[in-house]
Amino acid sequence: MLFRDERWPDGTPSWVDLMVPDQAKAVAFYSGLFGWDVQTGGEETGFYGMAELSGRPVAGIGQTPPGQDIPPVWTTYLSVSDVDKTAAAITEAGGQIVVPVMEVMKEGRMAVAADPAGAVFGLWEPGNHLGTQVTAAPGTLAWNECMSRDYPAAKAFYEQVFGYGFQDLSNDDFTYAALLLDGRPVGGLGALPDSVPAEVPSHWSTYFSVADADESAAKVVELGGQALDQPFDSPYGRQVRVMDDQGVPFLVIAPNEQSGKPEGWDN
């Protein structure tokens, strides 16, 4: 388990949160799955829940505001040093601002955007809240990737707005690249295969680290969720796509040495 007490570099996925119709149900599910301790804020925060490990924030769980038709999803937030400047760059590059820039008390400033292919993501300019402060342990953020219906357009957009480099990992079966900042992978960008049903839009996906992918998939089912696929071995660890008990998909992965898994990380 590693702790971080400084802001994440611009363009790094630094935070994820979940907005759902039943916050209490989500807190019970994810606490049971990952061992999170969720601290719920007061009315001024919209009763936003801060999921913690070892007393440090790792993710957020909130209640969908009344009267708002917001799909329940895990939202990936990219760290930025100037959210207004980034929001302007997004519109210039053909994206859209879905939720305008707003102040979140003294915690930071945020906006929600969509890329030209429709994938939705957040922007986070840190104030008191830096983002996730725990990595390299079960229950922490492992990876974020954008799966797109228009890979060329998405690639051009993210390069223009965030200055990413790309490490091509494609083969005959799929198109995929790691997003690089200063040569370091921070996320992924892939093309949605033709086999994926047309109703599945471009989207960002969230991976959480676990000690054992098979056991975690079984635990998801035990808690009322679903395993959407069979666990399989990838070059970076054993992983499986799952869905929580309110229909929100995410992935879990048990990292291996190739993914940079530190010795003793699951202790």
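Student: Why does the radius of gyration of this chain agree with that of a compact globule?

Tutor: Keep in mind that this is a predicted model. A compact globule with 267 residues would have a radius of gyration near 18 Å, and the chain has 17 Å, so the value agrees with that of a compact globule. The C-alpha atoms fill a box of roughly 50 × 45 × 35 Å along the principal axes.

Student: What makes a residue count as buried, and what percentage of the chain is buried?

Tutor: A residue is called buried when its relative accessible area is under 20%, and buried residues make up 46% of the 267 residues in the chain.

Student: What makes a set of residues a nonpolar core, and which residues touch the most other members of the largest one?

Tutor: The members must be buried residues of nonpolar kinds, such as Ala, Leu or Phe, joined through side-chain atoms within 4.5 Å. The largest such core has 29 residues, of which Tyr30, Phe34, Trp36, Trp74 and Phe250 touch the most other members. Helix H1 (23-34) is among the elements that give two or more residues to this core, and the largest share, six residues, comes from H1.

Technical notes:
Residues numbered from 1 in each chain as written. Predicted model: local features only at pLDDT ≥ 70, side-chain atom pairs only at ≥ 80, totals over all residues. Heavy atoms only, no water. Rg over C-alpha atoms; globule rule 2.2 N^0.38 Å. Buried < 20%, exposed > 50% of the residue type's maximum accessible area, 1.4 Å probe, protein only. Helix = DSSP H or I, 4+ residues; strand = E, 2+ residues; numbered from the N terminus.
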